[in-house]
Amino acid sequence: LKSVANLAQEVKAHVVKLDDPTCGDVAGIKVGRCQAMRSRCRTTRHPRGVPLLTACVVVFAVGTASEVTIDSVGILGDTRFRALQALLPLVTNVDFQDLDLDQGQISGLISWVEPSDTTQVSTYEVYFTDSLGDRAGGTKLGSVPVGSSTIAVPADTLLVNFSHVFVHTASSLGERPTGVGLELCDVGLQDSISLVNEVALSQSWGVAELSFFRSPSCTGPSMRFASSGSSGFTGSNFDSNAFDGDLNTAWMSACSTCAVGGASIGIVGVCKPAEIRCVSVRQCGSTGYPCPAGAGRSPMVILQISGEVSQRWTNLPEGDLSGRLTQEYLVVSGRRRRAAVTMFAEAVTRPEQETAVFRAR
């Protein structure tokens, strides 16, 4: 057995098993067991029906938690060996946001949180695979040293048939066989959410801040996107101003007298846009922040998801409620609460329903 002295405190014993030629059956046939840190392990008689020169021998380590592959895998009668390290810690919180708006292509940054103890970790190996994390059938994106927690996905990377990304920890003994995976979300131009004016406006429409949420209470992280978009803007009052978190900047529509449906603002490249359940908007004409001169509010708006009308709100205030209105929460139907039950049930979105909550001083 190869020495693994740096793991002496965690390994209690070694178990030797015969496996199939691909070394893919972790169950195997047990042929021996010995105490930890011994360099030799006596095995039983070779089992009937297992070809000697084509079988795979797997050395397992019995640790404090469970039996895990740790030391070496090779072909009996051959000199090829490769080290495995399954006691390495796992990364957590693997994350990725696609910024490529072409279908079938992805780009962006894969990130993760490093283990609290990286003493035995030397690198992180990143793969595109199926949902099971099959590295043999997948493709390796790259490797980064310990201390790093991101790796870039180049522009125009083809997704092919891969559905997940997996991050594995590795040491000088090799990679941990299991990694931490995340389902990839390939976004395109059609994955969009926008607000559209539902009434003719006598002035430009202005929005200081706009966010979309999966929570019906507009709490938690807002929905991420690849880019912002609008029907047009005036001067330097870009649509991106409505998503920059700065109340001192705002989007102002290009139209100064906007026909119904003539002004819109929203986001593009949203993962699963139909999951939206709440809109938080700070329209110009409200209280508490400056807006460009000539920019006002729209008292009637439409929510469009992927270009289709999802909901209408026709009862929003026309003014700032005597200086008290600061923010509006527009609740998106699609989940209804059953009587005396705290769980939510899926329901078809009904555009004629409307729920608005106003934040006032």
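Trainee: Why is Cys271 called partly exposed?

Mentor: Buried means under 20% relative accessible area, exposed over 50%, and partly exposed in between (1.4 Å probe, protein chains only). Cys271 has 25% relative accessibility, so it counts as partly exposed. Do keep in mind that this is a predicted model, where local features need pLDDT of at least 70, side-chain atom pairs count only at pLDDT 80 or more, and totals for chains, interfaces and linings use all residues. Residues are numbered from 1 along each chain as its sequence is written, and side-chain values use heavy atoms, with hydrogens and water left out.

Trainee: Why is the disulfide of Cys185 and Cys271 called right-handed?

Mentor: The torsion about its S-S bond is about 110°, so the disulfide of Cys185 and Cys271 is right-handed.

Trainee: And which hand does the disulfide of Cys218 and Cys278 have?

Mentor: Its S-S torsion is about -100°, so the disulfide of Cys218 and Cys278 is left-handed.

Trainee: Is Cys278 buried or exposed?

Mentor: Cys278 has 1% relative accessibility, so it counts as buried. Its partner Cys218 is buried too, at a relative accessible area of 9%.

Methods
Disulfide = S-S within 2.5 Å.
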